[in-house]
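I opened a new structure today and kept notes as I went. Here is what I looked up.

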Amino acid sequence: MTVSTTQIRKKLRTHNMKFIQGLLIVLVILKWCRALEVEKEEEKWSMVKTKGTQFVLNGSPFYVNGFNTYWLMVLAVDPSTKPKVSTLMKEAASAGLTVGRTWAFNDGGWRALQKSPGVYDEDVFKGLDFVVSEAKKNKIRLILSLVNNWDAYGGKAQYVKWGKDAGLTLKSNDEFFSNPTLKGYFKAHIKAVLNRVNTLTKVTYKDDPTIFAWELMNEPRCQSDPSGNTLQEWIQEMASYVKSVDPKHMLEIGMEGFYGLSAPDRLQFNPYSTTQDEGTDFIRNHRALGIDFASVHIYTVGWIDQYIIPKHLPFVKSWIHAHIEDAEKTLNMPVLFAEFGVSERYGGYNISYRDTFMQTVYDGILNSIKSGGAGAGTLLWQLFPEDTEYMNDGFAIVLSKAPSTAKVISLQSKRLATFNSLCNWNCRWGCHTHHQSTSSMCDDEFEQDLSLGEL
């Protein structure tokens, strides 16, 4: 049988058409599958919330092992140091750290984000965009602090200076908390940051699950009013304002954790006798509407003495226990120990002591988890990438240069990650002690994981 050239060509065209149609179907299916994967990833990358005394993510507990690196935005502005931000995020993720805390402010001065009230440097804002973007790439969430109590990076002193430059008569930096004009400046900054559309991810900050929580202020104090009324009113006003702009994200204050006059029986846990005169009050402040979880810092040198002494570790244990107990029984909210560390600049320091100090803090969280308590996690102060030690404040931890410390950090991360993945709200660990009938299936697994030297 003779087949003409025309017939051959016709068959080839038919075959090619079927092949192309099949290929198109495969491409459509692949595109559909990818869309489902992206949808699933986005669903998983959702906002962390609170439920009772715990953080929760997609129905499971979310216990935090994290870090502070406050200067990331400034590093991201300069092309020569920008890669250090990426390096840090990768190193943090490799150590299992899931939350970072950094500044979303730099008021006045060098590389200012806010050059004057309401006037921003777009290049610096893009630096913050990059920080948020790199965090998401590495599955790290961020606590963004909005202003400083201290003079570094401007702080409340810069707001007062701006007020004076505008003709206001101001006698104290603490008037930041009470002067209507200065409060207006700060609210405008809150609005600018929360409504910022990230130039890299195209996601508005207030809609971005990468942001774990907002922080009103780093370590607020108001010594001009030891009664605490001024600071309390400011916290309530600013918390309400933040929630009016962004009701989705969690909000915390940024407190150090000092007890005040509302709980006289707790003053004994304060690190020094005049702590109650700082104008702060751990329990009263965290009762403000809109505050979702409590924050506490842990330092011994500087608070108690200027050198390391044996009584520091017992203080750390009692400080942690007291705040977990109050967060659980009085406040009914999680407590995050958002700063802790030891400075190499003080007498008696060595890496072995730093590791012991850190393990003592980590053990406080593990003990809380075992009892279904309110201890929700920790953020070490502070993590550095290599070749940035010129900014070291004495607390720098460079993981590649501190193998024993890196091991302590990674082990804590593995323990918390194992627990987060094993348990959900059916376990008593995830819901305090409300489901005793289902607790046994979690108890044995969890106790075994926490007791392992290595996972």
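**Aromatic rings**

I began with the rings and found a cluster: ring pairs join Phe258, Tyr259, Phe269, Tyr272, Phe282, Tyr299, Trp303, Phe315, Trp319 and Phe395. I kept in mind that this is a predicted model.

How many aromatic pairs does the count come to? I got 33 aromatic pairs. I then picked out phenylalanine 55 and phenylalanine 293, which form an edge-to-face pair, with 5.0 Å centre to centre and 90 degrees between the planes. This pair links distant parts of the chain, 238 residues apart. Phenylalanine 55 sits in strand β2 (residues 54-57), and phenylalanine 293 lies in the loop between α8 (282-286) and β11 (294-298). I noted both phenylalanine 55 and phenylalanine 293 as buried.

Next I looked at phenylalanine 340 and tyrosine 362. Their ring centres are 5.8 Å apart and their planes stand at 75 degrees, so this pair is edge-to-face. Here phenylalanine 340 belongs to strand β12 (residues 335-340) and tyrosine 362 to helix α10 (residues 351-370), 22 residues apart. Phenylalanine 340 is buried, and tyrosine 362 is buried too.

**Two helices**

I turned to helix α6 (residues 180-194) and helix α7 (residues 229-245). They pack at an angle of about 30 degrees, and their axes are 10 Å apart. That angle makes α6 roughly parallel to α7, because angles under 35 degrees count that way. I logged the crossing of α6 and α7 as right-handed.

Which residues of α6 meet α7? On the α6 side I listed Lys183, Phe186, Lys187, Ile190, Lys191 and Leu194. On the α7 side I listed Trp234, Glu237, Met238, Tyr241, Val242 and Val245. The residues of this contact divide into 8 nonpolar, no polar and 4 charged.

I checked the backbone last. Most residues other than glycine have a negative phi, and most peptide bonds are trans. I looked for exceptions.

Glutamate 219 is not a glycine, yet has a positive phi of about 55 degrees. I placed glutamate 219 in the loop between β9 (211-215) and α7. Is glutamate 219 buried or exposed? Its relative accessibility is 10%, so glutamate 219 counts as buried.

Aspartate 387 also is not a glycine and has a positive phi, of about 65 degrees. I found aspartate 387 in the loop between β13 and α11. With a relative accessible area of 53%, aspartate 387 is exposed.

My last entry is the peptide bond from tryptophan 381 to glutamine 382, which is cis, with omega near -10 degrees. Glutamine 382 lies in the loop between β13 (375-381) and α11 (403-422).

Methods:
Residues are numbered from 1 along each chain as its sequence is written. This is a predicted model: local features need pLDDT of at least 70, side-chain atom pairs count only at pLDDT 80 or more; totals for chains, interfaces and linings use all residues. Side-chain values use heavy atoms; hydrogens and water are left out. Axes are lines fitted to C-alpha atoms, for helices over the stretch in contact, and angles run from 0 to 180 degrees between N-to-C directions. Helices (H or I, at least four residues) and strands (E, at least two) are DSSP runs, numbered from the N terminus. Angles under 35 degrees count as roughly parallel, over 145 as roughly antiparallel, 65 to 115 as roughly perpendicular and the rest as oblique. A crossing is left-handed if the near helix is turned anticlockwise from the far one by less than a right angle, and right-handed if clockwise. Contact means heavy atoms within 4.5 Å. Ala, Val, Leu, Ile, Met, Phe, Trp, Tyr, Cys and Pro count as nonpolar, Asp, Glu, Lys and Arg as charged, and the others, Gly among them, as polar. Buried means under 20% relative accessible area, exposed over 50%, partly exposed in between (1.4 Å probe, protein chains only). Rings of Phe, Tyr and Trp (its six-membered ring) pair if their centres lie within 6.5 Å; planes under 30 degrees apart count as stacked, over 60 as edge-to-face and the rest as tilted.
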